[in-house]
Amino acid sequence: MYKCRLTYDEWKCITSKTRTGKEMDTPLLKGYLGLLTINTVSEKQVWKYNGNDIVVCDSGYHWMTILPKNEYYCMTVMMDECCEMKVCYIDMIDKQGCDDDGVPYFYDLYLDLIVYPDGNVIVDDMDELQAAFKAGEITEAQYNQAIMTSQKLQEGLLADIEKFRNYVKALRTNAF
C-alpha cells in the first residue's frame, strides 16, 4: 500500500497547476472536495476507450477530487476546459487523513474503477489487489473492504450515469 497525496505530483506531464480544496459538511458531501486546475502540460495524456481517444490531462483541464469521510474511496473526475467529464477514476482506499501542510492523503488499496461518460464502469487492477493480498502487503479485511467498496459504488452511486453526472455537477457548481 502506498500513500497518495492529493497534489497529483506523480503526473510528471503537468508543468503548472493550481490546487484548491475544502472540507464540506453538506447533504451532497461530508468530506474533502478539491479542484486541480491544470494550467500547462508538457504533453497531453490520452487514454483509449472503445477505439476512441479520450484526453484526460491537458492544459486548461480540471480534476475534481471527492474524498468522503468515513468511506473507502477517492474519486478524481477528469474534466475538460468546459468542465465536461471525460472520465472518473476511483481509487479504493484503506484510510485517509491530512498532512501537516494541509494536503489530504489516502492509502491506496490497488483496486480502481474507471467510469466513462456513457456509464460504462471498468474494474481495474484486480490483479494488483490479489497480488498484494497474496504477498501479505494487505490483510484479508483490507482485501474484502476494497471488493465491497467497489461493489457498493457500482450498485449505488454509479448504477445510474445520469444521477452520477448530476451529483458531480452539483458538487462542482455549489463548491467552486
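**S150**

I looked up S150 and found it in helix α2 of this predicted model; helices (H or I, at least four residues) and strands (E, at least two) are DSSP runs, numbered from the N terminus. At a relative accessibility of 4%, S150 counts as buried; buried means under 20% relative accessible area, exposed over 50%, and partly exposed in between, with a 1.4 Å probe and protein chains only. I listed its contacts, leaving aside neighbours within four places in sequence, and got M92, L111 and L113. Contact means heavy atoms within 4.5 Å. I also took the C-alpha to C-alpha distance from S150 to K169, which is 22 Å for 19 residues of sequence separation.

**Conventions and confidence**

I note that residues are numbered from 1 along each chain as its sequence is written, and that side-chain values use heavy atoms, with hydrogens and water left out. The model is predicted: local features need pLDDT of at least 70, side-chain atom pairs count only at pLDDT 80 or more, and totals for chains, interfaces and linings use all residues.

pLDDT is the predictor's confidence in each residue, from 0 to 100. I read a mean of 95 for the protein, with 100% of its residues at 70 or more. Confidence is lowest in helix α3 (residues 161–175), at a mean of 91, and highest in α2, at 98.

**α1 against α2**

I checked how helix α1 (residues 126–134) packs on helix α2 (residues 140–155): the angle is about 165 degrees, and the axes are 10 Å apart. Axes are lines fitted to C-alpha atoms, for helices over the stretch in contact, and angles run from 0 to 180 degrees between N-to-C directions. The two helices, α1 and α2, are therefore roughly antiparallel; under 35 degrees counts as roughly parallel, over 145 as roughly antiparallel, 65 to 115 as roughly perpendicular, and the rest as oblique.

The crossing of α1 past α2 is left-handed, meaning the near helix is turned anticlockwise from the far one by less than a right angle; clockwise would be right-handed. From α1 I noted M126, L129, Q130 and F133, which meet E140, Y143, A146 and I147 of α2. By class, this contact has six nonpolar, one polar and one charged residues. Ala, Val, Leu, Ile, Met, Phe, Trp, Tyr, Cys and Pro count as nonpolar, Asp, Glu, Lys and Arg as charged, and the others, Gly among them, as polar.

**Y72**

I placed Y72 in the loop between β6 (62–68) and β7 (73–79). At 35% relative accessibility, Y72 is partly exposed. Beyond its neighbours within four places in sequence, Y72 contacts D91, M92, I93, D94, Q145 and T149.

**D80**

I found D80 in the loop between β7 and β8 (85–98). Its relative accessible area is 10%, so D80 is buried. Outside four places in sequence, D80 is in contact with G60, Y61, H62 and K86. D80 and G60 are 20 residues apart in sequence and 7.0 Å apart, C-alpha to C-alpha.

**T20**

I located T20 in strand β2 (residues 14–25). At 38% relative accessibility, T20 counts as partly exposed. Not counting residues up to four places away, T20 touches Y32, L33, G34, L35 and F176. For T20 and M92 I noted 72 residues in sequence and 23 Å between C-alpha atoms.

**Positive phi**

Most residues other than glycine have a negative phi. I therefore looked for exceptions, as most non-glycine residues are negative. Y110 has phi near 75 degrees, a positive value in a residue other than glycine. Y110 is in strand β9 (residues 104–115) and is buried at 11% relative accessibility. D125, also not a glycine, has a positive phi of about 70 degrees. D125 sits in the loop between β10 (121–124) and α1, and is buried, with a relative accessible area of 18%.
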